[in-house]
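Student: Could we go through the side-chain contacts in this model together?

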Amino acid sequence: MTALGSLPLSETAFDRNGIERVDERFLDSVRADSRTLAVLVRGRDVAVDGETLALLPLSGLTDSQSVVYLGTTTGDEGGVPAGTPIVAARADDEQQAWVPLRDVAAVLSVRDAGLAAAAVAVMGWHETSRFCPRCGTETRVGHAGWMRWCEPCQAEHFPRTDPAVIVRVTDADNRILLGSNAAWETGRYSLFAGFVEAGESLEAAVVREVYEEAGVRVADPRYLGSQPWPFPRSLMLGFAAQLDAEQAASDTTPDGDEILEVRWFTRDELRDPSSGVLLPGRSSIAHAIIEQWLVGE
Ligand SMILES: [Zn+2]
C-alpha cells in the first residue's frame, strides 16, 4: 500500500512467479492445468460478471492462441481458491459483458483490479510488438508471454512502461494549484501531469512539467505513490511539491495549449458542493492525491 492508501489497479494479490515463468515449459504446464482460469481482454476492455472480473476455465475457451500467464492466486476469493493459475487471453466473444477497464477499476476487488491491469497492459504490448524494433524480423513469444525474442539479432524485448509524473502543488497559504485542460468540460480541474523525458529524473520532470503547464517553479518534490495506467502503457508516479519560495502565487501562466486555466483553491472551496468544481474520477491516482490533501490539517 502507498502513502495514499489503497489505489485502484496498484495492488497485486497474486504471485507473478517471475523466476519460474522463464522456463519454456512453464506455460504449457499452466495450459494443461484443469484449474487454470482466464481473464478475457479485448483492447482496453475486460469481460466482467456483474461487479467482478469474469474468470473462465481456460479449457473451455475455443480460441486461446495468445495466452499470457498473469500469476497464481495467493488467497481464496469468490470461489477461486489460493494457488489457482490465472492467464490473460485475447477474445472477441459478443456473449461476454465487455467494459472499459478504466470504468470499473474502482469497483473491482484488489485481486481483480490487479489482474485486469496486468492483462490489459501485457496484451496491449503484444498487439504492437510483433516485429523486432531493432531489425524488423517477426519475434517469438517467451517467458510465458512476458518477453519477445528475435532470433536473427538475439534481442530480448520486454513489455514497455512509460513513466509519467502527476503533481500536487501547494503554497504557503494552504492552497492547492489545479489546472483545467482544453479537452475537458467547463469547471473540471485536476493536477498537473506529464511524461518523463528520456534521460530525465522523476524530480526534474516534476519541476519541468509544472513550469510548462502552469508557469511556476516548484521545489522539494516528495514521492507519494504510483498507479499503473495501462491506457496504453503509463505508470503514474504521484508527487507533492511546494511553490518555490522565490515564486509569487500570482505568477501562474497556463500554457494556453493543453492547459487553459490555472487556479489556486482552498480546501473549503473544493469541499463546497455548490462550487461547481468537477474533480478527477475515483479510479485515478489524481483523485487519491487530492483527497489526501483535503483531509489534511
Ligand atoms: Zn531483431
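Student: Is F231 buried or exposed?

Tutor: F231 counts as buried, because its relative accessibility is 11% and buried means under 20% relative accessible area, with exposed over 50% and partly exposed in between (1.4 Å probe, protein chains only). Please note that this is a predicted model, in which local features need pLDDT of at least 70 and side-chain atom pairs count only at pLDDT 80 or more, while totals for chains, interfaces and linings use all residues. Residues are numbered from 1 along each chain as its sequence is written, and side-chain values use heavy atoms, with hydrogens and water left out.

Student: Which residue lies over the face of F231?

Tutor: That residue is R102, at 5.2 Å from the ring centre. A charge sits over a ring if NZ of Lys or CZ of Arg is within 6 Å of the ring centre and within 35 degrees of the ring normal. Likewise, R217 lies over the face of Y211, at 3.6 Å from the ring centre.

Student: How many aromatic pairs are there?

Tutor: The count comes to four aromatic pairs. Rings of Phe, Tyr and Trp (its six-membered ring) pair if their centres lie within 6.5 Å; planes under 30 degrees apart count as stacked, over 60 as edge-to-face and the rest as tilted.

Student: Why is the pair of F26 and Y69 edge-to-face?

Tutor: The ring planes of F26 and Y69 stand at 80°, so the pair is edge-to-face, with the centres 4.8 Å apart. The pair links distant parts of the chain, 43 residues apart: F26 belongs to helix α1 (residues 26-32) and Y69 to strand β6 (residues 67-73). Helices (H or I, at least four residues) and strands (E, at least two) are DSSP runs, numbered from the N terminus. Both F26 and Y69 are buried.

Student: And what does W229 form with F231?

Tutor: W229 and F231 form an edge-to-face aromatic pair, 4.9 Å centre to centre and with 85° between the planes. W229 is buried as well, at a relative accessible area of 13%.

Student: Changing topic, which residues are the protein donors of the zinc ion?

Tutor: They are C132, C135, C150 and C153, each through SG, lying 2.2 to 2.4 Å from the zinc ion. Donors are N, O and S atoms within 2.8 Å of the metal (3.2 Å for Na, K and Ca); water is not among the atoms, so sites may look incomplete. The donor residues follow the spacing C-x2-C-x14-C-x2-C in sequence.

Student: What is the site of the zinc ion, tetrahedral or irregular?

Tutor: The site is tetrahedral, with angles of 99 to 122° among the four donor atoms. Four donors count as tetrahedral if all angles lie between 85 and 135 degrees.

Student: How many salt bridges does the structure hold?

Tutor: The structure holds 18 salt bridges, where a salt bridge is a side-chain nitrogen of Lys or Arg within 4 Å of a carboxyl oxygen of Asp or Glu. One of them joins E138 and R130 (2.9 Å, N to O).

Student: Which residues are linked with R208 in a network?

Tutor: The network of salt bridges links R208 with E197, E200, E209 and E212. R208 and E200 have their closest N and O atoms 2.7 Å apart, and the salt bridge between E197 and R208 is at 3.9 Å, N to O. E197 lies in the loop between β14 (192-195) and α4 (202-214) and R208 in helix α4, so the pair ties together parts 11 residues apart in sequence.

Methods: Tetrahedral: all angles 85-135°; square planar, octahedral: opposite > 155°, others 65-115°.
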